[in-house]
Amino acid sequence: MCRSIKTLRPPFTEVTTDEDVRAAALQYVRKVSGFRAPAAHNAEAFDRAVEEIAASTARLLETLEVRGARSA
């Protein structure tokens with residue numbers, strides 16, 4: 001668990017990729033679960049959590065309004 005979750009919204013990050021969002025979700029699930037990689041019997045739940053958190057994160061980032069940020 002060496003990678004820290006970074007801030008993914010402007011002005012900290014101008015361009016956020018799907019990979020950035022998924023990496024943050026994966027790091028979150030690893031931290032919360034205490035597993036770097038789950039055992040086979042937990043893999044489905046682990047992977048589902050990563051996907052759900054990534055989707056929620058993407059929705060959050062799409063709807064945030066950052067004061068002073070320019071629209072593209």
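This is a predicted model: local features need pLDDT of at least 70, side-chain atom pairs count only at pLDDT 80 or more; totals for chains, interfaces and linings use all residues.
Me: How many helices and strands does the protein chain have?
Reply: The chain has 2 helices and 0 strands. Helices (H or I, at least four residues) and strands (E, at least two) are DSSP runs, numbered from the N terminus. Along its principal axes, the C-alpha trace spans about 45 × 20 × 15 Å.

Me: Why is Val-21 called buried?
Reply: Buried means under 20% relative accessible area, exposed over 50%, and partly exposed in between (1.4 Å probe, protein chains only). Val-21 has a relative accessible area of 7%, and is therefore buried. Of the 72 residues in the protein chain, 18% are buried.

Me: Which residues is Val-21 in contact with, leaving aside its neighbours within four places in sequence?
Reply: Contact means heavy atoms within 4.5 Å. Val-21, which lies in helix α1, is in contact with Leu-8, Thr-16, Ala-54, Thr-57, Ala-58 and Leu-61. Val-21 and Ala-58 are 37 residues apart in sequence, yet their C-alpha atoms are 6.8 Å apart in space. For the protein chain, residues 24 or more positions apart account for 55% of the contacts with a separation of 6 or more.

Me: What makes Arg-22 and Glu-51 a salt bridge?
Reply: The term requires a side-chain nitrogen of Lys or Arg within 4 Å of a carboxyl oxygen of Asp or Glu. The closest N and O atoms of Arg-22 and Glu-51 are 3.2 Å apart, and the pair forms a salt bridge. This pair links distant parts of the chain, with Arg-22 in helix α1 and Glu-51 in helix α2 (residues 43–63), 29 residues apart. Arg-22 has a relative accessible area of 36% and is therefore partly exposed; Glu-51, at 43%, is also partly exposed.

Me: How do you know that Arg-48 and Glu-44 meet in a salt bridge?
Reply: Their side chains have an N to O distance of 3.4 Å, and they meet in a salt bridge. The two residues are separated by about one helical turn because they are 4 residues apart in helix α2. Glu-44 counts as exposed because its relative accessibility is 61%, whereas Arg-48, at 42%, counts as partly exposed. The structure holds 2 salt bridges.

Me: What makes the nonpolar surface patch of about 300 Å²?
Reply: Ile-5, Tyr-28 and Val-32 make this patch. Patches are made of residues with over 30% relative accessible area and no salt bridge: like charges are joined within 9 Å, nonpolar side chains (Val, Leu, Ile, Met, Phe, Trp, Tyr) within 5 Å. Val-32 has its place in helix α1 (residues 18–33).

Me: Why does Val-32 count as exposed?
Reply: Val-32 counts as exposed because its relative accessibility is 59%.

Conventions. Residues are numbered from 1 along each chain as its sequence is written. Side-chain values use heavy atoms; hydrogens and water are left out. Accessible areas come from the Shrake-Rupley method with a 1.4 Å probe; for residues, only the protein chains shown count as cover.
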